[in-house]
Amino acid sequence: MDESKADKIRAKIFSHISEYKQAAFPDKTFISGQTPVPVSGKVFDEDDIVALVDASLDFWLTAGRYVDLFERQFAEVCGLRYSFLVNSGSSANLLAIAALTSPTLKNRAIKPGDEVITVAAGFPTTVNPIYQVGAVPVFVDVEIPTYNTTPERIEAALSPKTKAIILAHTLGNPFDAESIAKIAKDNDIWLIEDCCDALGSELHGRKVGTFGDIATYSFYPAHHITMGEGGAVSTDSGELAKLIQSFRDWGRDCTCATGHDNRCGKRFSQKFGKLPTGYDHKYVYSEIGYNLKVTDMQAAVGVSQLKKLDFFIKIRKENFAYLCTALKEYDRIFMLPQAEPNSNPSWFGLPLAIRQELGIDREDLLRYLDAKKIGTRLLFGGNLTKQPAYIEKKHKIAGELKNTDFVMNNVFWLGVYPGLTCEMLDYVVDSIGEALKVLR
C-alpha cells in the first residue's frame, strides 16, 4: 500500500477513537450499594487507545520505537540514567536480583547460599527471586504504622554472608532509603529499591529509586501508570545497566536493539569463550538470562500514561488525605498510617490497623464492606514465613516478627487510585461507620 494512503487511513482510524471511547467506556453515575468501589484499577482516555492502536497498526510485535521512547522518558522521570522495560514488576525484581549473580561482579556477586535481607510483611515476588537464584532470604520486622523496616533492624540482620538488601517502599511510603543505602555502601552490599507501589514518592526531596543500586517498578493496572502487564528496572550504573540488559535479553553479549545489527562494527571479528573466532556476536551469551521484554503495544500505552503521571499522583495524594481526614473520628478504632519522616509519599493505598484491644474481627469488617461492593486488600502476604509456599523453604529471621504478625492479623488497606471520586470515598467512610456500629 502507498505510504501516504496508509497514513490517511491511519488518521481516519484515529479520528473515530474518541467517539468509540465514549460509546464503549461511558462515564457512569455512582449509585451507593450498586456501583462497585474498587481498591485499584486502570484510568485511561482516548489518547491511550490512540497510542495502542498506533502501535498495533505498525504490526511490530516485539520491542520497537515505543519501547525506546518509554525507556528514555521513564529514566528521566525516575532521575536515573538507564531504564529497561520488562514484562512485569515481578520480572523486574527477578531481573534485578539475577543481574547481581553475574560472575563479572566477582566477590560482590550473589551466589547460592548467600543471604539477602528483606521484610516478611511484603509481596511474594520481592522475595521469590532470592530463592530463584539459590540465595537465602533473611526476614526482618516492620514498624507500625509506617509498615517499613528500620536501619537498626537491617544492621542487626547483617552477617558475613549478606550480599544484598531488597525492600519495597510499602504502599508508596518510602522507607529510610538514605540511611539503609549508607549501611549497604559501608558493608559493600547491594541495595535494591522495589518502587512498584511508589512511583513518584520522594524522600529528602529525592525520588525513591535513586538511593540504591537498582530500582524496580510495575505497570500492572493497579499501579500508578499502566501498560497492562509491564515493569521496569532502572539504575545509574553503566556496569549494572549492561548486565540488566543482558539478563533481560536471553543473556546475550550483544547490545544491539531488536532489528538492528552490527552497530559496533565487530559482529564477525571477535573471540568469545571457546567459540571460534568471528562467531556471530548476536548469538554469543555471556550470562544465564531470560527473555523478559515487552511488546511495543504495551510500551505505547505506557508512553501515553506517562504524560498523566503527575496528575495521577496528585489525585492519589488528595484521595489519601481526604480519607485520612474523614476517618480521624475513628482513631480509637484504627491506627491511621504514618509517613516516614522527611518523605512525600505517592500513596498506593491507605492502610488501616484495627486496634487489638477492641475485639473487632477484621474479616467480619471486610465481609461487611465487600457486601457493600467496597474493595479492600490485606497488606499482601501478611507474614510470608507462614504462607504455604514458604513454610518449608530455607530462610532466616533476624530478631522477631511481632509487628509482622500484627499486620497479618489486623491490617487492611483501602484504595486511593484516581478512578475514585469524593462521592465514592464518602460512601466508603459512611459504610465503615455503619459496620462499626454493627460489629462493636
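Two strands are counted as paired if DSSP finds at least two bridges between them, and strands here are DSSP runs of E of at least two residues, helices being runs of H or I of at least four, each numbered from the N terminus. By that criterion, strand 2 (residues 115-119) is joined to strand 4 (residues 162-168) by three bridges, and the two run parallel.

Before continuing: this is a predicted model, in which local features need pLDDT of at least 70 and side-chain atom pairs count only at pLDDT 80 or more, whereas totals for chains, interfaces and linings use all residues. Residues are numbered from 1 along each chain as its sequence is written, and side-chain values use heavy atoms, with hydrogens and water left out.

I turn now to the helices. The axes of helix 5 (residues 89-99) and helix 9 (residues 238-248), lines fitted to C-alpha atoms over the stretch in contact, come within 9 Å and cross at roughly 120°. Helix 5 is therefore oblique to helix 9, the class left once angles under 35, over 145 and from 65 to 115 degrees are set aside. Leu95, Ala98 and Ala99 of helix 5 meet Leu243, Ile244, Phe247 and Arg248 of helix 9, with contact meaning heavy atoms within 4.5 Å.

Key:
Axes fitted to C-alpha atoms, helices over the stretch in contact; angles between N-to-C directions.
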